[in-house]
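Here is a short report on one protein chain.

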Amino acid sequence: MAQVTIHVPPRPYQARIENGLLARTGALLAELLPQASKLFVVTAPPIRRRWGAKLLSSLASAGFKPQVLQMPDGEPAKKLANIETLAERLVRLGADRKAVLLALGGGVVGDVTAS
């Protein structure tokens with residue numbers, strides 16, 4: 001497994017690079033999060049089609065009951081209105097300040113989820 005520091009102000013973070021990591025995501029998150037945590041997966045349709053089933057299976061195997069929130073794909077989706085819609089959906093689904101958002105995808109999905 002390779003671990004790389006991503007230097008993004010104001011907080012650098014660690015990224016793991018490993019074959020098969022997506023299938024082990026549930027087990028890894030179970031070590032970090034209480035099982036009672038509400039877990040929301042934020043993704044875009046093309047990413048969900050390609051990788052969603054594997055991630056959701058891994059999370060379910062670890063005892064999580066994630067809810068999936070899809071958002072539009074691509075740079076044009078990086079709008080305040082889309083973030084507002086996502087926030088409203090999270091509230092309706094019972095998210096609180098202890099909820100965990102997991103970005104499945106990079107680019108806009110990662111940017112919006114980290115906001």
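Glu-18 and Arg-24 form a salt bridge, with their closest N and O atoms 2.9 Å apart. The term salt bridge stands for a side-chain nitrogen of Lys or Arg within 4 Å of a carboxyl oxygen of Asp or Glu. Side chains of opposite charge can pair when their charged atoms come close.

Glu-18 is partly exposed, at a relative accessible area of 25%. Arg-24 is partly exposed too, at 35%. Here buried means under 20% relative accessible area, exposed means over 50%, and partly exposed lies in between (1.4 Å probe, protein chains only).

## How the model is read

This is a predicted model: local features need pLDDT of at least 70, side-chain atom pairs count only at pLDDT 80 or more, and totals for chains, interfaces and linings use all residues. Residues are numbered from 1 along each chain as its sequence is written, and side-chain values use heavy atoms, leaving out hydrogens and water.

How many salt bridges does a search of the whole structure find? It finds three. One of them joins Lys-78 to Glu-75, at 3.1 Å from N to O. Glu-75 counts as exposed, at 52% relative accessibility. Lys-78 is partly exposed, at 38%.

Lys-78 also meets Asp-111 in a salt bridge, at 2.8 Å from N to O. Lys-78 lies in the loop between strand S4 (67–70) and helix H3 (80–92), while Asp-111 lies in helix H4 (residues 107–114), so the pair ties together parts that are 33 residues apart in sequence. Shared partners join Glu-75, Lys-78 and Asp-111 into one network. Asp-111 is partly exposed, with 39% relative accessibility.

## The whole chain

The chain has four helices and five strands. Both are DSSP runs, numbered from the N terminus: helices are H or I with at least four residues, strands are E with at least two. From the N terminus, the order is β-β-α-β-α-β-α-β-α. The radius of gyration is 14 Å, close to the 13 Å that the globule rule gives for 115 residues, so the chain is as compact as a globular protein of that length. That radius is taken over C-alpha atoms, and the rule is 2.2 Å times the number of residues to the power 0.38.

Along its principal axes, the C-alpha trace spans about 35 × 30 × 30 Å. Of the 115 residues, 28% count as buried. Among contacts (heavy atoms within 4.5 Å) between residues at least 6 apart in sequence, 69% join residues at least 24 apart.
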